[in-house]
Amino acid sequence: MRHPMSSRAAESCEGQAGALQLPPAVSTMFLLLPIVLAAATAVAPPSASAIAPAADAAAVAAPPPSASVPQPAAGPPLAAEAPWKMHFIDNTSRGADGVKLADVNGDGLLDIACGWEEGGQVRVYLNPGPRKVKEPWPRVTVGSAPDVEDAVFCDVDGDGAADVVSCTEGSTRQVFIHWAPREASKYLDAAAWTTMPVAAGRGRQWMFCQLLAAGGQRALACGAKGPGAEIGLFMIPQDPRRPDAWSWRPLRPAGWIMSLEIIDMDGDSRPDVLYSDRKGTRQGAGWLRNPGAIEGAWEDVTIDNSLAGPGGAGTYMFLDYGDLDGDGLRDVVVAVKPATLLWCRRLDAGGRRWKPVRIPWPARAGTPKAAAVGDLDGDGRPDLVLTCEDAGGKEGVVWMGADRNAEDAAWQTRVLSGKGGAKYDLVRLLDLDGDGDLDALTCEERAYNAVLWHENPARNPG
């Protein structure tokens, strides 16, 4: 059964499927990776059910911001509504730090990879389907990775099993490959997984990773932060299980990479690299144009840096993409500290001309962390889900709907999580309970310490 998901989630998953060249028998199923794994016995975490939170080549420069673009101000007030029900997928470690999705067993359901930063664990969660999705999910700890920042599914060695790649910062500073067992029946057996460091990745603070395939070659696109940080490619060698066989090819200097997505930005059917950079002299949002061969020159195209400034006057956090104005072009939205949601409105199909539209961040929400695009209420117009840091006593997750698909639309902010959470992360929009509307999947790293999802009440208001 195919359930709705945001266009961003669908395109991301389809991109993975294309890069991994799905076998025909699997490619006709829902989405994603070419992996057919048998069902396995669930490893059940402690009980956690529905929780109702308290209510309440040279860079192409972007055009300068128009004087008519509204400046950041106090956002609109939150409507008086009940929060969406919250369900824990796992709350048994510390520092859940982002969710990445793929269908690893060919059942048509999106599974989750997540790194637990303070807990030093990398875990996989198998989607149990709509009937059991409100219960804790079957899980496996695939490896240890202190200071883990990101975990993503990737069949690195092409054996048909979904491996996991993790990126670490702090004092660990390494990229790890967690090799999945080839036997589908052992996928949830922690003892059947092995972990290998990539020698070429030693010594940098790695933030994010995605699989990229171009011109018959495959690589791991990765981004880092701190001194010597770059966006670049770990070339997958002929024998990927040799730690010293990997090589690094830099594409762009970086300050602190927050987002790294693989998507065709200019319609040439080649996977490009979309990014947001949080700090440094090159902070902002942009994309790296695939030249057709990995060894070629990747052009760095700026989407927006209009809010960048000394001392991080505007700090670019997580981004997402979708068509906000209905013109058929994929726009980009970025959460920007201290208090802006930046809509980068695309002006051409080639992805070289953009106009920044500044939407004030909701006044009662925490500080900006992430944004996601999707139609939450079924009115045919894209809505925005925002997650926050520093949300103690404030709203940690909210959603915003517009009265029309236009640059000067009026945005109404509505409650999603309610108060209670303090530090949320990436948010993904997909229909988890099979009722036909988009739910919100995210992590909270402080108050709940959980991988969790919020149930959209649009189809089931009770």
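In which order do the strands of the open four-stranded sheet stand, and is their pairing parallel or antiparallel? The order is S6-S7-S8-S9, and the pairing is antiparallel, where strands are DSSP runs (E, at least two residues) numbered from the N terminus, and two strands pair if DSSP finds at least two bridges between them. At the edges stand strand S6 (148–154) and strand S9 (194–197), each of which pairs on one side only.

Before I go on, please keep in mind that this is a predicted model, in which local features need pLDDT of at least 70 and side-chain atom pairs count only at pLDDT 80 or more, while totals for chains, interfaces and linings use all residues. Residues are numbered from 1 along each chain as its sequence is written, and side-chain values use heavy atoms, with hydrogens and water left out.

Back in the sheet, S6 and S7 run antiparallel and are joined by six bridges, and valine 152 stands opposite valine 165 in S7. Most residues other than glycine have a negative phi, yet arginine 173, which is not a glycine, has a positive phi of about 50 degrees. With 32% relative accessibility, arginine 173 counts as partly exposed, a class that lies between buried (under 20% relative accessible area) and exposed (over 50%), using a 1.4 Å probe and protein chains only.

Serine 269 also has a positive phi, of about 70 degrees, and is found in the loop between strand S14 (257–263) and strand S15 (272–277). Because its relative accessibility is 67%, serine 269 counts as exposed.

Let me turn to the aromatic rings, of which the structure holds six pairs; rings of Phe, Tyr and Trp (its six-membered ring) pair if their centres lie within 6.5 Å, and planes under 30 degrees apart count as stacked, over 60 as edge-to-face and the rest as tilted. Phenylalanine 88 and tyrosine 448 have ring centres 5.9 Å apart and planes at 55 degrees, so this pair is tilted. Since phenylalanine 88 lies in strand S1 and tyrosine 448 in the loop between strands S27 and S28, the pair ties together parts that are 360 residues apart in sequence. Both phenylalanine 88 and tyrosine 448 are buried.

Tryptophan 206 and tryptophan 248 form an edge-to-face pair, with 5.0 Å from centre to centre and 70 degrees between the planes.
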